[in-house]
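Please study the sequence and the structure below before reading the briefing. The briefing treats the strands first, then a few loop residues and backbone angles.

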Amino acid sequence: MKLKSLVYPAALGLSFALLAAEPSWIPLAEDGLHDPESPAIKLLQEPAEALSRLPADNVGNKVSWIEALREQYIEPRTNIFPETKIEILDMDIIMENTGELPLVMFPHRPHTEWLDCKNCHDKIFVEKVDANPINMFAILSGQYCGQCHGAVAFPLTECNRCHSVPRSIFTGNPGVQPQPAAN
Amino acid sequence: MRIKSPPAILPSRLRVRLVLILSLGLASLCLIPQAGAEYGDVVLNRISEANDMRPVIFPHWFHRLRFRCKVCHGELGFEMRAGSNPMDMGKIIDGQYCGMCHNGQVAWSVDECHLCHSGKPGLKTGIRGSNQTGGPGRW
């Protein structure tokens with residue numbers, strides 16, 4: 001009995017401690033992709049060296065890329081050709097066909113800070129509200145949002161980041177929103 | 001008043017040990033999130049090994065620290081699907097695809113073969129380190 005009273009809190013404590021542990025990145029030589037014999041191992045930048053300095057996240061690269069960009073931890077180039085037009089669109093779209101889940105709020109701004117309009121329109125999404133039969137099956141098989149989310153952008157385990165507007169508090173109309181949320 | 005404890009299904013010492021092992025097992029799952037590639041790493045081996053070179057490992061994380069998605073996927077014309085960009089060293093030396101930057105001016109030049117061709121032999125083309133759904137993680 002005495003042993004048990006020690007073991008349960010200890011195991012629970014250990015689990016919490018490990019959950020709250022600092023994010024870690026696997027060295028290139030141990031990642032299962034790079035050949036440890038390759039001369040590149042000594043020369044290439046290690047993920048931990050670069051990513052540990054950026055705002056943390058608990059999924060993907062363990063980096064909040066949106067925050068890293070917004071807070072100017074990084075300043076990635078927007079173009080190579082001087083004539084390329086850089087467009088940022090500040091427009092939110094609310095999607096309502098989400099069953100019982102919270103509504104989806106799609107913010108153009110953080111997307112257009114990384115991507116060009118033509119990366120999505122009209123190849124992945126027709127540029128018209130209600131014209132895209134988006135559903136989670138298609139997304140999970142790599143279509144629509146799943147083209148990036150699940151590959152390089154935050155993974156599909158993070159339901160609430162897209163399904164972010166509770167039905168009970170939304171009083172407006174779905175589609176293009178008159179005022180973009182501060183994001 | 002004393003309440004009688006319910007009859008144990010397993011001997012208590014065994015139960016304690018089982019709970020401990022399960023807790024440690026769960027905790028170690030949290031500790032080692034994914035033994036393997038960094039999220040978004042791409043293996044390119046359509047023609048590398050057939051030409052006696054190691055597969056190419058393309059790290060998305062390294063590049064997005066320095067460039068926005070729109071540079072490569074907009075200006076340079078990279079399709080967003082591993083294996084669907086028909087590049088070869090001829091085109092790269094010609095300034096297409098990776099060669100737009102890997103020319104000794106923006107980034108290291110193509111004569112540093114081993115910096116890109118750094119993968120383990122036998123790897124298949126595709127995105128690694130990402131979620132294993134039916135989609136992009138399997139491309």
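In chain B of this predicted model, strand E1 and strand E3 (residues 126-128) pair in the antiparallel sense over three bridges. Two strands count as paired if DSSP finds at least two bridges between them. Strands (E, at least two residues) and helices (H or I, at least four residues) are DSSP runs, numbered from the N terminus. Residues are numbered from 1 along each chain as its sequence is written, while chains are lettered from A and ligands numbered from 1 in the order in which they are written. Because the model is predicted, local features need pLDDT of at least 70 and side-chain atom pairs count only at pLDDT 80 or more, whereas totals for chains, interfaces and linings use all residues.

**Strands of chain B**

- In strand E3 of chain B, B:Arg128 is the bridge partner of B:Asp41.
- Strand E1 of chain B also pairs with strand E2 (residues 56-58) of chain B, in the antiparallel sense and over three bridges.
- Opposite B:Val43 stands B:Ile57, which belongs to strand E2 of chain B.
- Strand E1 (residues 41-44) of chain B is covered on both faces: B:Asp41 and B:Val43 are buried on one side, and B:Val42 and B:Leu44 are buried on the other.
- A residue is buried if 20 or more other C-beta atoms lie within 10 Å of its own, exposed if 12 or fewer, and partly exposed in between; the C-beta atoms are placed from the backbone.

**Chain B as a whole**

- Chain B contains five helices and three strands, and its pattern along the sequence is α-β-β-α-α-α-α-β.
- Of the 139 residues in chain B, 31% are buried.
- Two residues are in contact if their C-beta atoms, placed from the backbone, lie within 7 Å.
- Among the contacts in chain B with a separation of 6 or more, 47% are between residues 24 or more positions apart.

**The sheet of chain A**

- Strands of a sheet pair through backbone hydrogen bonds, either parallel or antiparallel.
- In chain A, four strands form an open sheet in the order E3-E2-E1-E4, with antiparallel pairing.
- Strand E3 (163-165) and strand E4 (175-176) of chain A stand at the edges, and each has a single partner strand, so one side of each is left without a neighbour in the sheet.
- Strand E1 (residues 92-95) and strand E2 (residues 103-107) of chain A run antiparallel and are joined by four bridges.
- A:Met95 has A:Val104, in strand E2 of chain A, as its bridge partner.

**A loop residue in chain B**

- B:Met100 is found in the loop between helix H4 (89-93) and helix H5 (113-116) of chain B.
- B:Met100 is partly exposed because 19 other C-beta atoms lie within 10 Å.
- Leaving aside residues up to four places away in sequence, B:Met100 touches A:Ile80, B:Leu76 and B:Gly95.
- From C-alpha to C-alpha, B:Met100 and B:Ala82 are 19 Å apart in space, and they are 18 residues apart in sequence.

**Backbone angles**

- Most residues other than glycine have a negative phi, and most peptide bonds are trans.
- The peptide bond from A:His121 to A:Asp122 is cis, with omega near -5 degrees, and A:Asp122 is placed in the loop between helix H5 (117-120) and helix H6 (136-140) of chain A.
- A:Asp130, which is not a glycine, has a positive phi near 75 degrees; A:Asp130 lies in the loop between H5 and H6 of chain A.
- A:Asp130 is exposed, because 11 other C-beta atoms lie within 10 Å.
- B:Tyr97 is not a glycine either, yet has a positive phi of about 50 degrees; B:Tyr97 lies in the loop between H4 and H5 of chain B.
- B:Tyr97 counts as partly exposed, because there are 18 C-beta neighbours inside 10 Å.
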